[in-house]
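Hi,

Here is the structure I said I would pass on. Have a look at it first, and then read my notes below.

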Amino acid sequence: MHNLKEIRKDFKDFKNKLQYRKVDIDIENLKRLDEVNRELIQKKEHLEKEKKDISKSKDESLFKKSKEISNDLDKILDDQKKIKKELDDILSSIPNIPHRDVPNGKDENDNIEISKSGKIPKFNFKPKTHYELGEKLKMLDFDLATKTTGSRFVFVKDKLALLERALSNFMIDKHIGNNGYQEISPPLIASENTMFGTGQLPKFENDQFEIKFEEGSDRKFLIPTAEVILTNIVKDKILNLNDLPMRYVASTPCFRKEAGSYGKDTKGMIRQHQFYKVELVSIVEKDKCSEELERMTNCATGILDDLNLPYRKVILCSGDMGFSAEKTYDIEVWIPSEDRYREISSCSSCSTFQAVRMKTRYKNQNKESVNVGTLNGSGLAIGRTLIAIMENYQQKDGSIIIPEKLRPYMNNFEKISLN
RNA sequence: GGAGAGAUGGCUGAGCGGUUGAAAGCACCGGUCUUGAAAACCGGCAAAGGGGCAACUCUUUCCUGGGUUCGAAUCCCAGUCUCUCCGCCA
């Protein structure tokens, strides 16, 4: 969420910057609401002062007056609350402003490739898709999932299930051991306010799975990513400078409705309602965001390097970024059957955007309280890493070689094959 | 599910309806002392919002929402959350 005080400095400029994101706002309305709001606050404060003075004076002859003031005050307060709510509603649905490094663009076609890494495998046969491979091996079962649950779910079985688990452990170990992250095993359900904090609500409610809880309790949602719950660890906190940076890693299932992607990636496990993901979250000083984003992205690509998977790094254009992000790198892994790269990680700096929503601050050198910067990134999406390994390491006979670094996590198996 | 207890500043923890934004301790920051550090001592230390070029000033906030009152952290009502004991269960 944006700080109104900052916007106030230059409304036009704010509107212009938002146009990079293809968002058009009624800036005159915002300006008007802000003015009315402040007028009402002033009126309110004057009356409150008057009332306070009367009660301090303990002069009985003024008590009646005080009562009258109370009545006026009720109305003003009411009006002010309404305006404030209107203002908050508008502000909470405006996305973050792109960082100056971010290329201007409309959609994913305007994203810019930054680097490429790894060798794209050459096959002397036609490479199969991961679902062909998985079904042949009898280790991916989509039909079974349809029966028990519905579409966009899958049963992963046997050695592939082990591979999935191995990937999670391998990645977490590395982020703890080499990259300085602290492991967290968090709740997979988040409250409404928590979802608001990272920006999933109120605008993207349709993408979320809401849980039916007890009547009268707060609304609860399955987390669409561990980012939500890890970032909100610092919600409503004032941190000390020496608490920063804070770095958390968690491997969790993620739940997404994928509303609006009907017909997209319907085959296979590229796009599921439920998938595992290892997530990295950093809480840093406001002006260390860019630095941390580079660091985090390197933590993610480090995993792909270890697994010898070919990938490329892309910077998202202004039109393709997520709601809370000011700057995002996508890491895309090579998928042989599609003959192209597919997103396997997305690392974003959210500047102070989420911190304002969460009310997370720290005391800087001058003892002023300042909103922190927050970052999140996948390190990596487990399901898609599984796909990438299956497809890139596939053999002519449909077996899959296990990358060396994973073998210690897999009873030293070298290969996954039918028998 | 049954029975109780509680919710106050970064943390612990006092608080009679009227200089209580709130005692005290810890933590933190500055200073004295010290070769340096520790200890000791002195001082400082809430957030949000409004007004002002600024110095500064005002308002709000003691879980949330109502109510009583000239005046509420303190009284009343409702709700939320937390903890303890018993039962049940992973």
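Before the sheet makes sense, you need one definition: two strands pair if DSSP finds at least two bridges between them. Keep in mind, too, that this is a predicted model.

With that in hand, look for an open sheet of eight strands, which run in the order 1-11-12-13-16-10-9-4 with mixed pairing. At its edges sit strand 1 (112-117) and strand 4 (182-183), each of which pairs on one side only. If you click on Ser348, you'll find its bridge partner in strand 16 is Asn376.

Helix 7 (residues 158-177) touches strand 4, strand 9 (246-255), strand 10 (274-284) and strand 16, and its direction makes about 10 degrees with that of strand 10. Helix 12 (residues 382-392) touches strand 10, strand 12 (327-335), strand 13 and strand 16; here the angle is about 35 degrees, taken against the direction of strand 16.

How do helix 3 and helix 4 (residues 63-92) cross? Their axes come within 9 Å, at an angle of roughly 155 degrees, so helix 3 is roughly antiparallel to helix 4. The crossing is left-handed. Sorted by class, the residues in this contact are 16 nonpolar, five polar and 11 charged.

Helix 3 (residues 27-57) also packs against helix 2 (residues 11-19), with an angle of about 140 degrees and axes 10 Å apart. These two therefore count as oblique to each other, and their crossing is right-handed. From helix 2 the contact takes in Phe11, Phe14 and Lys15, which meet Ile27, Leu30, Lys31 and Asp34 of helix 3. By class, that gives four nonpolar and three charged residues, with no polar ones.

Finally, some numbers for the whole thing. Chain A has 12 helices and 18 strands. Its C-alpha trace spans about 95 × 45 × 40 Å along the principal axes. Of its 419 residues, 50% count as buried. And if you take the contacts in chain A with a separation of 6 or more, 72% of them are between residues 24 or more positions apart.

Enjoy looking around!

Note on methods: Residues are numbered from 1 along each chain as its sequence is written. Chains are lettered from A and ligands numbered from 1 in the order in which they are written. This is a predicted model: local features need pLDDT of at least 70, side-chain atom pairs count only at pLDDT 80 or more; totals for chains, interfaces and linings use all residues. Side-chain values use heavy atoms; hydrogens and water are left out. Axes are lines fitted to C-alpha atoms, for helices over the stretch in contact, and angles run from 0 to 180 degrees between N-to-C directions. Helices (H or I, at least four residues) and strands (E, at least two) are DSSP runs, numbered from the N terminus. Angles under 35 degrees count as roughly parallel, over 145 as roughly antiparallel, 65 to 115 as roughly perpendicular and the rest as oblique. A crossing is left-handed if the near helix is turned anticlockwise from the far one by less than a right angle, and right-handed if clockwise. Contact means heavy atoms within 4.5 Å. Ala, Val, Leu, Ile, Met, Phe, Trp, Tyr, Cys and Pro count as nonpolar, Asp, Glu, Lys and Arg as charged, and the others, Gly among them, as polar. Buried means under 20% relative accessible area, exposed over 50%, partly exposed in between (1.4 Å probe, protein chains only).
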